[in-house]
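Hi,

Here is the structure I said I would pass along.

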Amino acid sequence: MEFGFSPAETAFAEEVRGFLREQPLERFPVDGMDAGYGSGAHSRAFMKALAERGWISMCWPVAYGGQERPMFFKLVLFEELALAGAPFGPLAGSWQTADAIIEYGSERLRREVLPAVARGEATFWQGYSEPDAGSDLLALKTEARRDGDQYVIRGHKIWSSHAGIATHGLVFTRTSREARRSRGFSMFVVPNGTPGMDIRPIRSLTGGVYHYEVFLDDVRVPADLRLGPEGEGFQALLNGLDSDRFWGRFYKAPALERVLRRLVEHANTTGASRDPALRRRLAAMAAEIAALRLLFYRAACLLRDGAPISYETAVAKVYADETGQKLARLGMDLLGPWAPLRAGSREVRLDGEISHAYLTSLGHTIAGGTAEVLRTTVAVRGLGLPAEPRKA
Amino acid sequence: MDFRPSPAQQLLVATARDFLKKHCPPERVQRVALDARGVDDALWQRMAELGWQGLLVPAELGGSEGSLLDVILLVEEMGRAGAPGPFVPSAVVATSVLLACDNADQKKRLLPAMAAGERIVGVALADEASSLEVDARGRLTGRALFVEAAHVADALVVAARAGGETQLLLVPTDRRGIARWPLEVIGPEKLFEVAFDGAAVSAEDRLGSSAGRRGALQAGALARTAEMVGAAQRVLELAVEYAKTRVQGGRPIGGHQAIQHACADLVRDVDASRGLLYAAAWRTSEGVPAVADVAMAKAYASEACLTVARRAHQIFGAIGYCEEHPLHLLHKRIHAASLDCGDAALHLEEVAQAIGLR
């Protein structure tokens, strides 16, 4: 057992902290809303700054411009950025897409998309959900029809985060009707602005825009923008969802730790810290956040060692989201009558961060697999309980 | 970072699991739990032969020279098996106090015998449950509550006020002026009120000022956390097995989402508790400051593992309500462990201070 970091990891953490000291976060304009996951707002300028350090591509093979650093460097970077509240919103998605392209992307994707990712320019939206395909993702209707050396995509995607400000969509489609439910799906990397693509914002309960819906009206894409072999997109997607749960939530623990520190400071200032019940709630949150962090590091060790993952990322994802909701709720209780004030309002406390977190956190147990779907995954895949019979 | 126990620790865990399966099966745990004395001397002796009681003790004092992390892994297995006996008070807390004290004679006299399973030393260290005082003439007066296994203890480590400070004393239980009264509790552990009515205390009983108390209680808190995690792990295994095999309405109850989701929450609670436990035990073993880590681990497990046991009662339905079913003993053990060496409220206050609450 070993719960510390290696000297190289510690040195890298210090390097990241140094970068954050030199580059005050106010310098980076924000292009898209912070959805509360812990990765902050969407800021192209910040992605560029990370790219200039070589950090976006640092774990890639040298052949693709990387430095082949170990995976834990990504975790260190995430932790330091989240603890600082930096706007690195698109980073996890960029990393995941790049990894998929490196693993089974075409030459064209490797040549055109990877360098743009490394420069911090390419960011991605996920075109998975559809109006009638949410938790039952395989009920999707979007089709990609082969036509010579092109595919013609037709369908309607929804709940795609930052689709309007990203550069490419990862569009999950049906490419054939096969008897087996999980066969016949393919994924495409579709540049925004391709003719036939119509991206429309959906205003959320926060008043801001995070999600978009995307209409694909006979969108023509070259065949080599397909990610992976035709018809085997589902396996790729599953791997993607597994890693989505991990990479899309890893930074939640340090982000919650940052919020907890602010709440402690606030409680000290107002004198609420003398209330024994509140002390216990805050202390219990600190323990939960520490437990959350360790659940993710345990999953990280399994991923690093190539050990099988059955339920560990699903447990961690549910726990991250529910702990985040609990902390936001506690924050609202602590602020009392000031709790509903928005960022920018007179009299607002903690920059309005808590009311925003309270609202955004409501979506977290839904996005990327609902808490219910994931608990079923834990029970069936992790504990071997019998799956519920499914209608064909 | 690495969550896997070392090969030697894996061997220790595997050996412990096999041993406890053979020498401490559920029927035996049940029998000892219902027995008025509540201690299994043969099991205690066999454990000593494996070096368990001496795991924290250096070789020159007859011990097997393990680390605190080894002890934690072992106690987790003991909690999983529901093994009876005063292992945590004697082999962890009292042993830690003796190791840290500067009374070389007592160390030499007691630690080898404790490691060999020949002597048991109980503890009365909790402030809130004792009112012990040594007067100017060296007489110990007052009473200590919730002292585990005082009936089989050869001696007790007690914290008593003497002048302006707290002193640690080692008092033989057969000394004049000491009375032990059993308390009736819901669980299998045997607790006592120990009354001191002017018991004589000499220089050789003194273990020094209370310096070693905090470290010993931390080791005890970790051991109690390990016990809870082990017991909760067992509850999880039993519940999942039951959910797979109990058929109602033509299919296993574990095929229903209501039960599946309950089981998923058991895994989360056990895994999260274990993560905090291992991290805190590792840091303590490495000599890294870990006061807040230990407090978080104990407070968290106290809540989470008890929740596991309570949720499992709902999964088991009526059968879990029976005395012959193992669930209630695991549940009661978790509850008792959550109180010893600092309850959740005490540890949460420790955490509150560590995170900067004024």
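Glu349(B) pairs up with Arg279(A) in a salt bridge, with the closest N and O atoms 2.9 Å apart. By salt bridge I mean a side-chain nitrogen of Lys or Arg within 4 Å of a carboxyl oxygen of Asp or Glu. The rule finds 5 salt bridges across the interface of chain B and chain A. (Helices are DSSP runs of H or I, at least four residues long, numbered from the N terminus.)

Before you go further: this is a predicted model, where local features need pLDDT of at least 70 and side-chain atom pairs count only at pLDDT 80 or more, while totals for chains, interfaces and linings use all residues. Residues are numbered from 1 along each chain as its sequence is written, chains are lettered from A and ligands numbered from 1 in the order in which they are written, and side-chain values use heavy atoms, leaving out hydrogens and water.

Back to the two chains. 43 residues of chain B are in contact with 45 residues of chain A, contact being heavy atoms within 4.5 Å. The area buried between them is about 4,100 Å², with carbon and sulfur atoms giving 68%; that is the accessible area (1.4 Å probe) that two parts lose on being put together, summed over both.

Chain B itself is divided into domain 1 (7–115), domain 2 (121–211) and domain 3 (212–354), with bounds from an automatic or database domain assignment. The centres of domain 2 and domain 3 of chain B are 30 Å apart, taken over C-alpha atoms, and their contact takes 13 residues from domain 2 and 8 residues from domain 3. These two domains of chain B bury about 890 Å² between them. Leu125(B), Ile186(B) and Pro188(B) supply 42% of what domain 2 buries there, more than any other three residues. The rule finds 1 salt bridge across this interface.

One spot in chain A to click on is Val259(A), in helix H7 (residues 252–270). Is Val259(A) buried or exposed? Val259(A) counts as buried because its relative accessible area is 12%, and the cut-off for buried is under 20% (1.4 Å probe, protein chains only). Not counting residues up to four places away in sequence, Val259(A) touches Leu327(A), Glu353(A) and Ile354(A).

Cheers

How values were computed. Helices (H or I, at least four residues) and strands (E, at least two) are DSSP runs, numbered from the N terminus. Buried means under 20% relative accessible area, exposed over 50%, partly exposed in between (1.4 Å probe, protein chains only).
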